[in-house]
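Q: I'd like to learn how to read a model like this one, feature by feature. Could we take a look together?

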Amino acid sequence: MHTTTEPLLRVSGLSARIGDFPLVRDVGFEVHRGRTLAVVGESGSGKSITAAAVMGILPPQITAEGSVFFDGTELLGEPAKRRRARGGAEIGYVFQEPMSALHPLLRIGTQMIRPLRHHLGLGRREARDRALELLEQVGLGRERKVLDAYVHELSGGMRQRVMIAMAISCRPRLLLADEPTTALDPTVQQQILGLLVRLREELDLALVLISHDLGLVARHSDEVLVMYDGRVVEQGPTAQVVDRPEHPYTRALIDAAPRLGRRPDRLPTIDGAVLEQTRAMAGGAR
Ligand SMILES: Nc1ncnc2c1ncn2[C@@H]1O[C@H](COP(=O)(O)OP(=O)(O)OP(=O)(O)O)[C@@H](O)[C@H]1O
């Protein structure tokens, strides 16, 4: 692993809104190559909107302000065509639900080979070889039968491995994984997170793991960013945030995470008082 002094991605003052209604406010963080940042928070806290702003795939009704500085280039405000080309090639994205991200009527091979030809300009045969190599890299073996399969013929874990293979296929420098294991059972969840971290090391990627489950992603990340109500309420090295959380919302997330093995006698869920306190600290009700 190498960590350069310059972060690969530096997000600062990022806000997103629909009309006057704020969805994400003043979000900032950095990720270096070879490092993993976990972005955690409950449903609706703004994790996916933040990721979509970085990827340049926000729906047209949502406007973003601030800065998304990636490898020496400001991405916010870049022409849509350039952004689309970058997303998928320089920045890989793993979606929560491969069943909806993969086409049900096209063979896996067809879906893997297209971007390889389009982004990397490979010939048909080269692209097929590269697809097999990618399957091997994500632990599916050099299996032609996976290329020939349709998505419904694969298990949940295999589908997510295919999604990851596609996300790394054009050799991105940054990989964003948005709830990559939510649809999977606990053993497979750990395997997929282990795979992402292994690939981060092998390919010297910067990895952003987005999850509602701090307990799940804590041991796979170097830094943690905690979001609530569209804002960052706490961020820092994972060990520091987990061992000495400063914000009551982070503390509640930790207490609600059995995997972190802390205070099983405490509340299993986040209670209303903590949410109210968090909302007040985050800048009050909208
Ligand atoms: N396409 C959209 N149009 C309008 N509002 C949206 C859209 N997508 C998200 N939002 C709103 O933006 C806020 C942040 O949502 P976001 O999806 O980023 O949260 P999240 O933390 O990723 O939660 P989840 O894990 O459930 O996706 C929420 O209030 C949500 O309702």
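Q: What pLDDT does the chain average, and what share of the residues score at least 70?
A: Keep in mind that this is a predicted model. The chain averages a pLDDT of 87, and 88% of the residues score at least 70. For the complex, the predictor gives an ipTM of 0.94 and a pTM of 0.87.

Q: Where does pLDDT stay under 50?
A: That happens over residues 262–269. For this stretch the model has eight contacts beyond four places in sequence.

Q: Next, helix packing. How do I describe two helices that pack, and what is the case for α7 and α8?
A: Two packed helices are described by the angle between their axes and the distance between the axes. Here α7 and helix α8 (residues 186–203) pack at about 20°, and their axes are 10 Å apart. The contact is made from the α7 side by Gly156, Gly157, Gln160, Arg161, Ile164 and Ile168. From α8 come Val188, Gln191, Ile192, Leu195, Leu196, Leu199 and Leu203.

Q: Which residues touch the most other members of the largest nonpolar core?
A: They are Met112, Ala165, Leu174, Leu175, Leu176, Val208 and Val226, in a core of 80 residues. The element that gives the most to this core is α7, with eight residues. Take Val208 as an example: leaving out residues up to four places away in sequence, it touches Val31, Leu37, Val39, Leu176 and Ala177.

Q: How many residues of helix α11 are buried?
A: Six of the eight residues in α11 (residues 248–255) are buried, so read this helix as mostly covered. The buried ones are Tyr249, Thr250, Ala252, Leu253, Ile254 and Asp255.

Q: Why do Asp26 and Asp71 count as partly exposed?
A: Asp26 is partly exposed because it has 15 other C-beta atoms within 10 Å. Asp71 gets that label because it has 17 C-beta neighbours inside 10 Å.

Q: Let's finish with two loop residues. Is Arg171 buried or exposed?
A: Arg171 counts as exposed because it has 12 C-beta neighbours inside 10 Å. Its place is the loop between α7 and β7 (174–178). Arg171 and Glu90 are 81 residues apart in sequence, and their C-alpha atoms are 6.9 Å apart.

Q: What about His152, and where is it found?
A: Look in the loop between α6 (144–148) and α7 (156–168). His152 counts as exposed because it has 9 C-beta neighbours inside 10 Å. From His152 to Ile91 the sequence separation is 61 residues, with 27 Å between their C-alpha atoms.

Key: Residues are numbered from 1 along each chain as its sequence is written. This is a predicted model: local features need pLDDT of at least 70, side-chain atom pairs count only at pLDDT 80 or more; totals for chains, interfaces and linings use all residues. pLDDT is the predictor's confidence in each residue, from 0 to 100. Two residues are in contact if their C-beta atoms, placed from the backbone, lie within 7 Å. Helices (H or I, at least four residues) and strands (E, at least two) are DSSP runs, numbered from the N terminus. A residue is buried if 20 or more other C-beta atoms lie within 10 Å of its own, exposed if 12 or fewer, and partly exposed in between; C-beta atoms are placed from the backbone. A nonpolar core is a set of buried Ala, Val, Leu, Ile, Met, Phe, Trp, Tyr and Cys residues joined through C-beta atoms within 7 Å. Axes are lines fitted to C-alpha atoms, for helices over the stretch in contact, and angles run from 0 to 180 degrees between N-to-C directions.
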